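I opened the notebook to look up the inside and the surface of this protein. My entries follow.

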Amino acid sequence: MGGFTRLAATGGALGLGALLWGTLAERTHWTLRTVEVPILPAGSAPVRVLHLSDLHMAPWQRSKQAWVRSLAALKPDLVVNTGDNLGHIDGIAGIRAALEPFHGVPGVFVNGSNDYAAPIFKNPFKYFAGPSRRLREPTMLDTPALLTYFDELGWRDLNNTATALTAGGTRFRFVGVDDPHHEFDRLDEASAALASLDSSTEGELIVGVAHAPYRRVLNAMVELGADLLFAGHTHGGQVCVPGYGALVTNCDIPRTQVKGLSRWRARGREAHLHVSAGLGTSIYAPVRFACPPEATLLTLVPRD
């Protein structure tokens, strides 16, 4: 066997092994990330925030549902859900099973594109050409049922609006937008809603929430005064190269900020940004590599 043939055979074997690992093992290696964010005023009590994103739930995904249920034992003060909860036409059944223990825990949410339209098979190599495009005639999901269920949990809808609530002893003003990936975001409406809220409380924080972390949305929220930003959508790249990271982001965020906690700067201001790599995949692309499915518990603590 020649050197090139041996090299090709080795590369093929490694590729097959990576595919099998990513499909059969890593995509169900549920991972809890923990991070501290020094953002509260001096003397404030810590606030525990559970960030959930991109569940892409199908009704048969019992392991995922059980693991998400177990996160209620963390006793978060607040849940932030950044969309793409549904992954199947009957996905609402799995969402109910997963999130039932969070009934009564304060929460906020926005929608992603997969909360509206069912997934289809896509050529994964097209992601290297840029963000995926909206389907012309998608199969629509039961979005009203999802919104009704979140209302039953007591979670606030942030799609192109704003709200205020107190969690863990800290008052927050939240501003959110509907899915930016398909240009459902209406920043003017969200900004007007934020401006209408009472802002007289000392030490309150402004938090921006979006599904897809497009630059235009992050910049606008920082300009609105946001101290902390939440997003999902990227899946952390979903298939990554060890030592290099994500190959694609499916939006225009820098590859180095595709997941985790970082800082976002715009027009002389900056905010903490947390992008979740999410918990799911499309049922037509059930693979993760060097990027396990995750949820994150952020503990907000006083600034240094």
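I count strands as DSSP runs of E with at least two residues, numbered from the N terminus. The model is a predicted one.

Entry one, the surface. I looked up where Y244 sits. Y244 lies in the loop that joins β10 (240-241) to β11 (245-246). Buried would need under 20%, and exposed over 50%. Y244 also belongs to a nonpolar surface patch, together with V241 and L247. I noted about 260 Å² for this patch.

I listed the buried residues of α3 (residues 91-99): G91, I92, G94, I95, A98 and L99. They are on the same side of α3, because they cover an arc of only 155 degrees around the axis. Next I checked what covers them. The cover includes β2 (47-52), α2 (62-70), α4 (143-153) and β5 (155-157).

Which residues have the most contacts inside the largest nonpolar core? I found L52, I95, L99 and F150, in a core of 28 residues. At least two residues of this core come from each of β2, α2, α3, α4 and β14 (294-302). The largest share is that of α4, with five residues.

Leaving out residues up to four places away in sequence, F150 touches N81, N85, I95, L99, F109 and W155. A second, separate core has 25 residues, among them A162, V177, A212 and C251.

Notes: Residues are numbered from 1 along each chain as its sequence is written. This is a predicted model: local features need pLDDT of at least 70, side-chain atom pairs count only at pLDDT 80 or more; totals for chains, interfaces and linings use all residues. Side-chain values use heavy atoms; hydrogens and water are left out. Patches are made of residues with over 30% relative accessible area and no salt bridge: like charges are joined within 9 Å, nonpolar side chains (Val, Leu, Ile, Met, Phe, Trp, Tyr) within 5 Å. Accessible areas come from the Shrake-Rupley method with a 1.4 Å probe; for residues, only the protein chains shown count as cover. A salt bridge is a side-chain nitrogen of Lys or Arg within 4 Å of a carboxyl oxygen of Asp or Glu. Helices (H or I, at least four residues) and strands (E, at least two) are DSSP runs, numbered from the N terminus. Buried means under 20% relative accessible area, exposed over 50%, partly exposed in between (1.4 Å probe, protein chains only). The arc is that of the directions from the helix axis to the C-beta atoms. Contact means heavy atoms within 4.5 Å. A nonpolar core is a set of buried Ala, Val, Leu, Ile, Met, Phe, Trp, Tyr and Cys residues joined through side-chain atoms within 4.5 Å.
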